[in-house]
Amino acid sequence: MLNLQSDREYQTTIKMGFRNFINGEAHLNTFKNKQLVKNSKKIISLAAVFLLLGTNVLMAQTAASGSTLPGATESKSNMWMGVGYYVLLFLAACVVVAIVGKILRVYDLTQQMQGKKGMNWNNVMGVICVIFLVVGMYGVYWSFTEQATQTLPEAASKHGVKIDEMFLATTVITMFVFIVTQILLFTFAFKYRGSDKRRGYYYPHNNTIEKVWTIIPAIVLTILVVFGFFTWREVTNTENVKGDINIDVTGHQFEWLLRYPGKDGKLGAVDYMANYSANNLLGVDFKDRNSFDDLKADTLVLPVNRSIRLNIHAQDVIHSVYLPHFRVQMNAVPGLPTFFKFTPTITTAEMRNRLDDPKFNYLLYCNKICGAGHYNMQKPVLVVTEAEYQEWLAHQKPYLTDQLKKELKFADNGQPNDAAQKKLALNN
Ligand SMILES: [Cu+2]
């Protein structure tokens with residue numbers, strides 16, 4: 001901090017420095033200039049650190065792409081390369097703005113010292129507002145035309161269509177308000193910029209305007225919220241109908257485990273805490289006869305136009321079942337089984353045709369950042385015809401493997417015997 005003494009010294013220094021500067025005799029031997037040099041040194045060393053960082057990232061990226069490492073490492077360094085590049089770009093832009101600002105200030109002071117009228121900063125700010133408006137609106141146009149191509153394809157489920165309609169309605173209304181308010185804000189800032197020729201009009205209050213800008217947004221927001229509430233109620237207030245396909249989806253760090261019902265169409269009970277073992281990762285309860293024919297699956301295969309009920313479980317932390325193409329997302333909470341019902345309407349083959357992308361796959365993701373391997377929690381989802389589904393189902397292996405039977409000491413009649421029950425009890 002500068003004390004009064006040095007502040008005065010600073011003022012004199014600046015005046016002297018300025019005279020010297022005007023006379024073409026600028027020199028750096030004054031106290032404040034030394035301070036400036038020190039500060040500049042700090043800034044330069046900071047910039048050097050960022051530059052070094054950028055170079056390292058760049059070199060790491062080159063090394064990774066030159067080696068035979070798999071794509072994961074390459075894309076990771078690509079990402080850091082991107083971050084380093086934008087940080088440097090931002091710093092460079094800040095430096096340019098600071099330099100332009102200083103030059104303008106020096107020009108302004110020179111004008112004033114020569115007895116001329118300085119720059120009209122009100123006009124400068126007004127023009128900057130208009131430039132900001134034009135550039136910003138172009139940014140909006142760009143994000144709609146360029147980024148919009150990266151949005152999801154059409155909804156592949158019955159309720160998904162309703163969610164998309166709601167999303168569209170909300171976007172249209174909020175975009176309309178956004179564009180109108182931004183145009184008004186920046187054109188008013190330009191049109192009524194500070195001027196010596198007029199004085200600001202003192203206008204403290206207007207009840208009508210207050211009412212208009214309170215009541216209209218309140219009505220619009222109420223409509224959007226009620227619309228959302230009814231849509232969500234319609235999506236989630238579902239009854240269990242005979243013929244629903246029950247599938248268990250269980251999340252743990254870091255994969256999804258799938259269990260399909262066998263011929264009886266019913267899934268056996270699960271108690272993870274009581275029945276877990278290396279051969280029984282889900283903790284299926286084999287005292288429940290419905291569990292005998294349950295099936296294990298690697299891929300989530302769904303028949304088209306059939307009602308699917310996903311029973312959602314988690315074993316360690318909170319995960320989240322996320323099927324973006326079907327507009328499905330529901331948290332998987334340990335100890336609190338949830339479910340989500342939906343009906344897929346477009347088969348994978350049909351979607352590949354529509355998108356003209358033979359490699360397209362629906363995916364099941366985890367949508368909670370649940371730990372270091374979170375990114376790995378994805379599974380392909382296949383929507384197929386009923387006949388294809390039945391054929392696929394016939395080839396799935398039972399959850400109750402021979403190993404598990406041995407572990408549970410199943411008797412020849414297919415029933416767990418007493419010893420196995422005791423063993424299970426000891427596991428508790
Ligand atoms: Cu997860």
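Okay, housekeeping. Residue numbers start from 1 along each chain as its sequence is written. Since this is a predicted model, local features need pLDDT of at least 70 and side-chain atom pairs count only at pLDDT 80 or more, while totals for chains, interfaces and linings use all residues.

Let's start with the sheet. Five strands make an open sheet, ordered E4-E10-E9-E6-E7, with mixed pairing. When I say strand or helix, I mean DSSP runs numbered from the N terminus: H or I with at least four residues for helices, E with at least two for strands. Strands pair if DSSP finds at least two bridges between them. At the edges sit E4 (300–303) and E7 (328–332), each pairing on one side only. From one strand to the next, the twist averages 20°.

Zoom in on E6 (residues 319–323) and E9 (residues 362–366): they pair in the antiparallel sense over two bridges. Across that pairing, Tyr322 stands opposite Tyr365 in E9. Helix H9 (residues 386–394) lies across E4 and E10 (379–384), and runs at about 140° to E4. For angles, axes are lines fitted to C-alpha atoms, for helices over the stretch in contact, and values run from 0 to 180 degrees between N-to-C directions.

Now, the core. The largest nonpolar core has 38 residues, and Val249, Leu310, Val321, Leu323 and Val381 touch the most other members. A core here is a set of buried Ala, Val, Leu, Ile, Met, Phe, Trp, Tyr and Cys residues joined through C-beta atoms within 7 Å. Buried is 20 or more other C-beta atoms within 10 Å of a residue's own, exposed is 12 or fewer, partly exposed is in between, and C-beta atoms are placed from the backbone. Strand E5 (residues 308–314) gives the most to this core, with four residues.

So what does Val381 touch, leaving aside neighbours within four places in sequence? Its contacts (C-beta atoms, placed from the backbone, within 7 Å) are Leu300, Leu302, Leu323, Tyr362, Leu363 and Leu364.

Last stop, the helix pair. H4 (residues 121–145) and H5 (residues 158–191) pack at about 160°, axes 7 Å apart. They're therefore roughly antiparallel, the label for angles over 145 degrees. Among the residues that meet are Gly126 and Phe132 in H4, and Phe186 and Ala189 in H5. Val140 also lies in H4. Val140 is partly exposed, because 13 other C-beta atoms lie within 10 Å. Val140 and Ile179 are 39 residues apart in sequence, yet 9.2 Å apart in space, C-alpha to C-alpha.

Terms used:
Two residues are in contact if their C-beta atoms, placed from the backbone, lie within 7 Å. Angles under 35 degrees count as roughly parallel, over 145 as roughly antiparallel, 65 to 115 as roughly perpendicular and the rest as oblique.
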